Amino acid sequence: MVAIPTFALLGPAGSAVASAECARPMVYGCGITWGKWLGLTPEPAKAFDRLSLDRIRAMGGTNVPANLAWIDIEPHPGEFHWDYVDHQVAEARRRGLEIFAYTGLTPDWALPANAPKKPGIGYRFPPDERFIPQFEEFFTRLARRYRGRVRYYEFWNEPNGCSWINDNCANGHMAASYVPWLQRWYRAMKQGDPDCVLAIGGLDYHQGVKNGWRYIEDVYKAGGGPFFDAVAIHPYGSPLHWEAIDDAYAVLLRHGNGDRCLWLNEYGWNTSDERRKSECLKTVLTALAGPRYAMVFQASYLVLTDLPGTDDRTGHDYGLCARDRRRGTITARPSYTQFRRIAHAAAGAGQEQTPRPVSPFRTGSPPARSPVPPGFMLWFAAPGCDPGGNGDDMGPPTAVRRKWMDRAGVNTATFTISWADTEPKPPINGRHKFDFSRVRPSRWVRKHPYIIAKLHFFDNPWAGVFRFKDIPRYNRRLAEWAEAACRFARERYGVTLFQTGGNERDLVAPETYRPHFPDWHFFYMDPVKAVHRGMKKAGADNRLIIGNLCYSDREHISALYDAGAKGYFEVLAIHAYGPRGVYVDMDQIIESHQEVAARGDPDIPILVTEGWSCFPLPDSIDKDQAFRRGPRPYTSREVEHYRQTVLDGWRNLTTLRPGQYDPSWLLGARYFVLNDHWGGRHWQDRAKPKFDEKGRLIGFNLDGYWIATRDPNWVKPFLRPWGLIDIEGRPKGDVVERFPPYIPLHSLRARLEAKLSEVPYHPRRKDWTAPEATAGQPYTVSVEFLNLEQTPMTGLLFSVGEKTAADWPGGYAFAFVNGQLQRPVPPANAHKIRAERLGPPPPDMVGPGQKVRLTYRIVFSPDLAGHTDRGWRKRVRPYVDLWYVWRGRPYHTDAWLPRVVVRAPKTQNPGRSTDKRGP
């Protein structure tokens, strides 16, 4: 488990962090000879790639290139081959490596007539201008597809050398012809991903090129200044062409663009003299990591293994490793060992094989909060009308709520467009009369980088009259309104992201939609399709968010697809509430992604609109009765509860879990909620109670939702103490000001030393599988923890088990006694997964760069064997939890083991325990 994801890096463009502070980790990059270019068949090629990436990661590499060439992806018009590119991106990200992608290379069908049709030359030409629309469409599609997974791109490769129009490698004077295509590429890429960082293609600037900087100057002269965020150069030299770095950066400074860093995405030495290669590596990497070259954001040694044309047995060129493509092996050379030594020493990890995660921070005091990943939407639910208002919820004044959101790392805001408000009367003779004059998102909303327009259609009185009497007419009118509303929001405010469908509609009472629809998902999707059709007419690149389900396992997402969701949404919103120690249910996110991927939509992102929250609250935070006598302060232990919920949720959402969870699946997350609020003030007026045959209360129908409860006070007003600020607008500690929180750099990994069989966990879905463990059988778990900060971590407390209500710290408050972290001991039978540590206990303190290794024996309780829930086999995930203190504050982290189903041993009946004590 790596605490800070690689996509949390702040790039040189648009960053408030000085380049000197963000550049250092990225100088430890290395190129890769992809198996496809070695002539290997698909599966051996991919296996070779995975091995190469493993070697790069093991030597402390932080980034790799990827080949996203137009000629490979769209070899024929409209025919897209994404498989190998998807493979490059996924495998690099799975290993925590940042990707710097190369784009360019025109397919034959788009070349101009005068381009030479011979290998190695033709594809280097820019396209014929007849194919400008196809060029722009391709790169918009490319950026959109890899948004959140790939951030850094360069346009072309050595356009001043051998790769632009003139085939005699003398193109240093041709920037004027490069710039128009650069402008088109830049606009197209930014349309697909506004957060991508785009560089001028890696310029040939080796030691023999004395005035390579002139090409950059010519780009400015031709009007290209606003159309790049960084400059990539290839300063080959002995050991490096240092003047190229200084001269290239001097051009940026002259034009006032000193915030645009340099990428050295190729350098290296074609030699079999490993001693010389190692010495050059030491000189270059040491210099680039120092303050003298702070303008260098990224550097990448040319290639891990030798170039494709080099013979495996007799050749030896740039590679840090030798290879045998027939056997699929890679053998380290002394230069590889030198790179690893330098990279690990710089990461503070000595000679450890596990490299330090990429981090945007230098040593010294930690930042107040973590950077928000590029393209990640982050905001708060902030319920409540101003005091004196008449809504269901009342909280601190709007100005106070906005003040605290401004002081946090929020980048997203929403506003609502209501059908009832904007078309209060039905069309006359088929002619609509829309009035959007009152739809005025505030200046505060409009200042945010990301804006969602919510399309609300449930409360339109005239349309509701024939909602179920004439469903086609209703949907036709709804689509027409949606088109007008989306066009208004797009043209007036630039909004292209919309949300509809209501909130938690999987809880709608059946009598609301029957007999017109067989179940909730058909009732839900029917109007959503109409809204989507209208939205797309208003703009082909508009995107619709649907879902907002109360629970989001595979069955719920599958139900949406069964009701026709495919093709009618671009973002899936879920409410993934989770247990203590998690505070957002990651398994719901995983299952949601699994199902959209299984339905052919792997690129549909997930938006956590609720679920990252303070729930479950500890028993001590029952403020309702206390508040009725006047507000009382929160205790330090209660404040710590809120801090831990933010820490745990953010760490889980942004941590790559190889083979299980990838943060790139997320479009963003909303914390629920910013503020305490007085809720449900008018529910008791609208709720309709329902009683059984004996006159006992069984629930309420509230605004069409069914609330099953026997508590008559459920619909009465009550205080919701869920916020990070209280109802008076006072912060609970410094949680809001440190939002999102900084997570100390560390690595925690766990491995179950067993190969488990995959079996179905759903009786009707044989393709829904999980690993199967046996109750009562001991399994070995290996644990490894590495401190990657510059200061010690103390008070380490490890445990192994599942997340339960009995988990320490009981949902809140790490207890400090005389400066020491205390741990209550749960009952012996609290967990259904029992663990025993093998070997000595861990140390109380782990210093910078130090590693702790532990071994546990775990046993699954027979109580779990054969257990089913709604016909599903119950799945349980073992966790390795670690509590520790860093810089005087307590933290929690965990590592995941496989989520398994449990079977009974052959000598025991399922579901019956013969050992009440556990192992």
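**Exercise 1. Find out where Ile 216 sits and what surrounds Ile 216.**

Step 1: Start with the location. Ile 216 is part of helix H7, and helices here are DSSP runs of H or I with at least four residues, while strands are E runs of at least two, numbered from the N terminus.

Step 2: Ile 216 is buried because its relative accessibility is 0%; buried means under 20% relative accessible area, exposed means over 50%, and partly exposed is in between (1.4 Å probe, protein chains only).

Step 3: List the contacts. Leaving out neighbours within four places in sequence, Ile 216 is in contact with Leu 203, Val 231, Ala 248 and Val 251 (contact means heavy atoms within 4.5 Å).

Step 4: Ile 200 is 16 residues from Ile 216 in sequence, and their C-alpha atoms are 8.6 Å apart in space.

A quick note before you go on: this is a predicted model, where local features need pLDDT of at least 70 and side-chain atom pairs count only at pLDDT 80 or more, while totals for chains, interfaces and linings use all residues. Residues are numbered from 1 along each chain as its sequence is written, and side-chain values use heavy atoms, with hydrogens and water left out.

**Exercise 2. Describe how helices H6 and H7 pack.**

Step 1: Recall what to look for. Two packed helices are described by the angle between their axes and the distance between the axes.

Step 2: Read off both values. H6 (residues 175–192) and H7 (residues 213–221) pack at about 55°, and their axes are 9 Å apart. The axes are lines fitted to C-alpha atoms over the stretch in contact, with angles from 0 to 180 degrees between N-to-C directions.

Step 3: Classify the angle. H6 and H7 are therefore oblique to each other: under 35 degrees counts as roughly parallel, over 145 as roughly antiparallel, 65 to 115 as roughly perpendicular, and the rest as oblique.

Step 4: Name the residues. Ala 175, Tyr 178, Val 179 and Leu 182 of H6 make the contact with Tyr 215, Asp 218 and Val 219 of H7.

**Exercise 3. Work out how Asn 257 is placed.**

Step 1: Find the loop. Asn 257 lies between helix H8 (242–254) and strand E7 (262–267).

Step 2: Asn 257 counts as buried because its relative accessible area is 13%.

Step 3: Look at the partners. Not counting residues up to four places away in sequence, Asn 257 touches Tyr 220 and Leu 252. The side chains of Asn 257 and Tyr 220 also make a polar contact at 2.6 Å (a pair of N or O atoms within 3.5 Å; within protein, one must be able to donate a hydrogen and the other to accept it, and residues adjacent in sequence count only if both atoms are side-chain atoms).

**Exercise 4. Trace the strands that pair with E21.**

Step 1: Look at E21 itself. Five of the six residues in E21 (residues 697–702) are buried.

Step 2: Take E20. Strand E20 (residues 688–691) runs antiparallel to E21, with four bridges joining them; strands pair if DSSP finds at least two bridges between them. Phe 691 has Leu 697 in E21 as its bridge partner.

Step 3: Take E22. Four bridges also join E21 to E22 (residues 705–708), again antiparallel, and Gly 699 is the bridge partner of Ala 708 in E22.

Step 4: Inspect the turn. Two residues separate E21 and E22 in their hairpin, where Asp 703 has a positive phi of about 55°.
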